[in-house]
Amino acid sequence: MAATGVEDVPRHSVHTLVFRSLKRTHDMFLSDYSAIPEPDEAAEKIRAAAKAESEYGPVIKATLDARRRKEANLALPEVPIPVTVDQTTGAVTAPQKATLMLTDGSTPGSKLTDHKGPSTDLVALSRPKVSTEDSVRALLPRKAPMMAKPIWHAPWKLYRVISGHTGWVRCVDVEPGNEWFASGGADRIIKIWDLASGKLRLSLTGHVSAVRAVKVAPNQPYLFSAGEDKQVKCWDLEYNKVIRHYHGHLSAVQDLSVHPTIDVLVTCARDSTARVWDMRTKAQVHCLSGHTNTVASVVCQAVDPQVITGSHDSTVRLWDLAAGRSVATLTQHKKSIRALTLHPKLYMFASGSPDNIKQWKCPNGEFVQNLTGHNAIINSLACNEDGVLVSGADNGSLQFWDWKSGFCFQKAQTKPQPGSIDSEAGIYALTFDKSGSRLISAEADKSIKMYKEDETATEDSHPVLWRPEILKKKVY
């Protein structure tokens with residue numbers, strides 16, 4: 001080894017080499033290791049100035065302008081006034097003082113250094129004095145009125161009770177022709193009823209657990225049903241039998257909605273998902289995941305957002321149907337959301353929760369107002385074209401609201417049928433018929449109740465008890 005002139009390098013283990021490398025790295029960056037950088041005063045001043053300019057820019061500008069005008073008036077030089085003495089009487093007279101202003105609103109004193117000759121653009125003005133407080137107050141936004149005056153609506157009254165189910169009635173829907181409606185309940189049976197007479201037309205069996213949702217397709221002769229047996233069925237109303245099953249949900253299906261223009265339906269379940277199905281091929285188009293708890297309600301509309309879901313995780317999500325993803329999450333509710341409804345005419349929707357009912361504006365989900373006062377677990381919402389919003393709760397209470405003003409113009413309490421216990425007074429589903437003149441409720445006392453407007457009521461017999469100084473609209 002000595003003859004070649006190459007020294008033998010001592011060999012170390014990998015463990016030793018790694019720790020040596022770590023020590024060198026630590027020594028190199030020891031001064032900056034986990035040290036908080038010193039605050040930069042210049043950067044902090046720039047940040048504070050930018051924040052003040054963005055929030056209070058107009059107010060600061062108005063204050064500075066007023067201060068400059070005041071300083072300019074104080075700095076105005078005294079101009080000697082010519083005095084004439086009457087030789088006979090000895091009286092001293094001075095010409096009448098005139099208020100002169102330049103055309104740009106400034107005083108002559110501020111222009112003395114700019115004009116070398118006599119100014120020709122002097123205009124005599126008598127302008128009222130504007131204080132600094134008034135100018136600042138004019139720039140601040142004015143408060144909107146607290147509450148819009150409600151429109152008068154006739155009170156609603158119960159006119160029919162339909163019995164036929166042997167379990168809780170969980171869902172109800174009216175067909176597009178307004179001739180019959182379907183209901184489903186905990187007795188696992190779907191029943192078809194005549195809307196005019198209330199008589200039973202047909203009973204459909206096939207579910208092996210409680211039926212939680214029924215919907216009649218607007219453009220096809222199909223009836224869709226979903227239940228706690230995880231099944232979603234498509235019934236052919238010409239043959240009165242099941243023709244399709246939609247498999248995919250991992251838990252009980254809570255609600256379903258049929259798209260008004262596209263041949264798809266959307267279902268939501270306890271597996272925290274909403275699923276979009278092709279109506280004819282039975283294929284799953286999207287699995288809308290994002291909620292962290294049971295998705296209790298879903299609605300579809302023809303324009304964006306085409307799918308809206310409400311969940312027990314206290315959020316409402318707006319979904320892009322083409323991309324299959326969430327575009328907005330509304331987190332203003334504090335408790336679980338069990339009910340959603342669309343306004344038939346306005347580009348708005350409402351969500352119901354035990355804390356309150358909230359109205360939102362599409363397509364971005366902008367918050368409009370709160371409807372407070374229905375202090376119960378709200379299971380269902382329904383709205384008609386006249387702007388009557390109805391909310392039904394777990395304790396059997398019904399409240400009727402004016403959509404525009406958020407004013408509750410009627411409260412009602414349902415009565416359980418003979419043989420039912422008092423706790424079986426819950427209202428699980430509400431829907432208006434296609435004319436909006438009849439309201440159908442599905443209840444826990446195994447009955448279906450129908451309401452209509454009181455035709456004899458007038459504004460004099462049932463006035464609106466509206467006191468805006470007491471009823472103030474809350475923001476959140």
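**Accessibility, salt bridges and strand pairing**

Q: Why is Lys-61 called exposed?
A: Lys-61 has a relative accessible area of 55%, and the term exposed applies over 50%, with buried meaning under 20% and partly exposed lying in between (1.4 Å probe, protein chains only); Lys-61 is therefore exposed. This is a predicted model, in which local features need pLDDT of at least 70 and side-chain atom pairs count only at pLDDT 80 or more, while totals for chains, interfaces and linings use all residues. Residues are numbered from 1 along each chain as its sequence is written, and side-chain values use heavy atoms, with hydrogens and water left out.

Q: What makes Lys-61 and Asp-65 a salt bridge?
A: The closest N and O atoms of Lys-61 and Asp-65 are 3.4 Å apart, and a salt bridge requires a side-chain nitrogen of Lys or Arg within 4 Å of a carboxyl oxygen of Asp or Glu, so the pair qualifies. Both residues lie in helix 2 (residues 41–74), four residues apart, about one turn of the helix; helices are DSSP runs of H or I with at least four residues, strands are runs of E with at least two, and both are numbered from the N terminus. Asp-65, at 24%, is partly exposed.

Q: Where in the chain do the partners Asp-454 and Lys-157 lie?
A: Asp-454 forms a salt bridge with Lys-157, the closest N and O atoms being 3.9 Å apart. This pair links distant parts of the chain, with Asp-454 in the segment after strand 32 (447–453) and Lys-157 in strand 5 (residues 156–163), 297 residues apart. Asp-454 is buried, with a relative accessible area of 16%, whereas Lys-157, at 39%, counts as partly exposed.

Q: Why is Ser-183 called buried?
A: The relative accessibility of Ser-183 is 0%, so this residue counts as buried. Ser-183 lies in strand 7 (residues 180–185).

Q: Why is strand 14 described as largely enclosed?
A: Six of the six residues of strand 14 (residues 253–258) are buried, so the rest of the structure largely encloses this strand.

Q: How do you know that strand 14 and strand 15 pair?
A: Strand 14 is joined to strand 15 (residues 264–269) by five bridges, and the two run antiparallel; pairing needs at least two bridges found by DSSP between the strands. Val-258 stands opposite Leu-265 in strand 15, and a hairpin connects the two strands through five residues.

Q: What marks Gly-324 in the hairpin of strand 20 and strand 21?
A: Gly-324 takes a positive phi near 70° in this hairpin, which has four residues between the strands. Strand 20 (residues 316–320) and strand 21 (residues 325–330) pair in the antiparallel sense over five bridges, and the bridge partner of Asp-320 is Arg-325 in strand 21.
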